[in-house]
Amino acid sequence: MLRFTLTVIARDGGGEETTGRVRINVLDVNDNVPTFQKDAYVGALRENEPSVTQLVRLRATDEDSPPNNQITYSIVNASAFGSYFDISVYEGYGVISVSRPLDYEQIPNGLIYLTIMAKDAGNPSLNSTISVTIEVFDENDNPPTFSKPAYFVSVVENIMAGATVLFLNATDLDRSREYGQESIIYSLEGSSQFRINARSGEITTTSLLDRETKSEYILIVRAVDGGVGHNQKTGIATVNITLLDINDNHPTWKDAPYYINLVEMTPPDSDVTTVVAVDPDVGENGTLVYSIQPPNKFYSLNSSTGKIRTTHVMLDRENPDPHEAELMRKIVVSVTDCGTPPLKATSSATVFVNLLDLNDNDPTFQNLPFVAEVLEGTPAGVSVYQVSFPFMARDPALCHLLTSPTCQPGNDNGPVGKRRTGTATVFVTVLDVNDNRPIFLQSSYEASVPEDIREGHSIVQAGRRRLQVKTEGFTEGVHAE
Ligand SMILES: [Ca+2]
Ligand SMILES: [Ca+2]
Ligand SMILES: [Ca+2]
Ligand SMILES: [Ca+2]
């Protein structure tokens, strides 16, 4: 309150004067608006700070006298988190404080605008307002996050090298460039067949793939934000890549060619052998169909198992038809898969059948009748006659008819118990050899004859054969013949 003291002099015409005092109290009228010292105020803090007691200090002055210059401050508007801010007077200043942590991600551009009013205590009171800008700094409190924990994608195995498999996108809720979406860097591990673009998240192949080598890949994909050291945050997802089959493999034979032994006259529907081809493709692309090409009436084939059986056409090892003889001994099998288009094995498989002899033919003889001549006195063991068996089931055999021991004529080499026999007669003429000297049975013979015995009369008989001693004129001796 302004107080004036006036000294009043009263002077009359005579020159007399007197003085007096007048005191004047000037009563204040609230005619001054509180005025802030600055045009604008700025404060700053990091998000998530639990509390800040002196965020901004500000001051307004008022030319009036109390109470018209007694100023109170209030927050009349806040662009965000209004209830988190408080203003109080401390040491003559209005002090703005924050009582709870702020979330940068809910603050557009990281700026909060407060409108602060300074109001005097006049009646009516006067006030003015000022804008206070609070800048909030981002903290890296959000990790990059993939839209799913696991991605499943299928691609054909013949996909080009460098082709796109999948686009991945992780989200980082931090709003700053430093810690948010724009800071994300992708990386991938699990297979060198794939790479990821560090910035775009595009996964591409690095080379040609082959489902038959590896049909499934599990990749681990990471997205890291711009935080540094322990402050960096990471999001992880898996990517399961399944390769879809393409019919890119021909069937191939196992163990071909095949060599088997088969006894002729084997009954119909007997197992012969099983041909096996492999095709590493899956499904129809790896499903095999076997066939006998060219057709072979002696054998049938299960088209899906490859099992070969005999048919009702008899296998006769001695079949004289050369074409049929070859069909019996050679089965040619083709195989193809069921892909679209189907792929055939590059070559056929051959089953070579070694027809084993069944003893189904009697030995037969040639050049009958057999007539042999042998000199008497031939020693034992000398060949008398050679018998051949040209139509025997086995290799043509020879048999020598010996003087002793005797041959087993016509016995073949079939299994014991199943041997078959042919019989022929060999007529042997034993030719005489002059191998006997005449022998007297007695060293001397005596006979008496009358003197007038006629010439040619038999006198005596000696030996088994008849030895005749005949008279012949004058008998000088006896000889035997
Ligand atoms: Ca943040
Ligand atoms: Ca972040
Ligand atoms: Ca394949
Ligand atoms: Ca195939």
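## Terms and numbering

Two strands are said to pair if DSSP finds at least two bridges between them. Strands themselves are DSSP runs of E with at least two residues, helices are runs of H or I with at least four residues, and both are numbered from the N terminus.

The model is predicted, so local features need pLDDT of at least 70 and side-chain atom pairs count only at pLDDT 80 or more, while totals for chains, interfaces and linings use all residues. Residues are numbered from 1 along each chain as its sequence is written, and chains are lettered from A and ligands numbered from 1 in the order in which they are written.

## The chain as a whole

The chain has 35 strands and one helix. Of its 481 residues, 21% count as buried. A residue is buried if 20 or more other C-beta atoms lie within 10 Å of its own, exposed if 12 or fewer, and partly exposed in between, with C-beta atoms placed from the backbone.

Contacts are also counted between C-beta atoms placed from the backbone: two residues are in contact if these lie within 7 Å. Among contacts with a separation of 6 or more, 64% are between residues 24 or more positions apart.

UniProt, in an unreviewed entry, places the feature "domain: Cadherin" at residues 4–36, 37–146, 147–259, 254–365 and 412–440. UniProt positions are given in the numbering used here, feature names are shortened, and annotations may be inferred rather than shown by experiment. Over residues 4–36 the chain is 61% strand and 0% helix, and the C-alpha atoms at the ends are 30 Å apart.

Strand 1 (residues 2–11) and strand 2 form a hairpin with five residues between them. The two strands are antiparallel and pair over ten bridges, with Arg3 opposite Asn25 of strand 2. In the turn, Gly15 has a positive phi of about 95°. Strand 2 (residues 17–26) has ten residues, and the count of buried ones is zero.

Phe370 has Val426 in strand 33 as its bridge partner.

## The nonpolar cores

A nonpolar core is a set of buried Ala, Val, Leu, Ile, Met, Phe, Trp, Tyr and Cys residues joined through C-beta atoms within 7 Å. The largest has 22 residues, and those with the most contacts inside it are Ile96, Leu114, Ile116 and Val132. Two or more residues each come from strand 5 (52–58), strand 8 (85–90), strand 9 (93–98), strand 10 (111–119) and strand 11 (127–137). A second, separate core of 21 residues includes Leu301, Leu315, Met328 and Val333.

Leaving aside neighbours within four places in sequence, Ile116 is in contact with residues including Leu58, Tyr73, Ile87 and Val132. Ile112 lies in strand 10 and counts as buried because it has 23 C-beta neighbours inside 10 Å. Ile112 and Val132 are 20 residues apart in sequence, and their C-alpha atoms are 8.2 Å apart in space.

Strand 8 is joined to strand 9 by six bridges, and Asp86 has Ser97 in strand 9 as its bridge partner.

## Backbone exceptions in loops

Most residues other than glycine have a negative phi, and most peptide bonds are trans. Asn48 has a positive phi, near 75°, and is found in the loop between strand 4 (41–46) and strand 5. Asn109, in the loop between strand 9 and strand 10, also has a positive phi, about 60°. Asn48 counts as partly exposed because 14 other C-beta atoms lie within 10 Å, whereas Asn109, with 10, is exposed.

The peptide bond from Ala256 to Pro257 is cis, with omega near 0°; Pro257 is in the loop between strand 21 (252–254) and strand 22 (258–263). A cis peptide bond also joins Gln293 and Pro294, with omega about 0°. Pro294 lies in the loop between strand 25 (288–292) and strand 26 (299–301).
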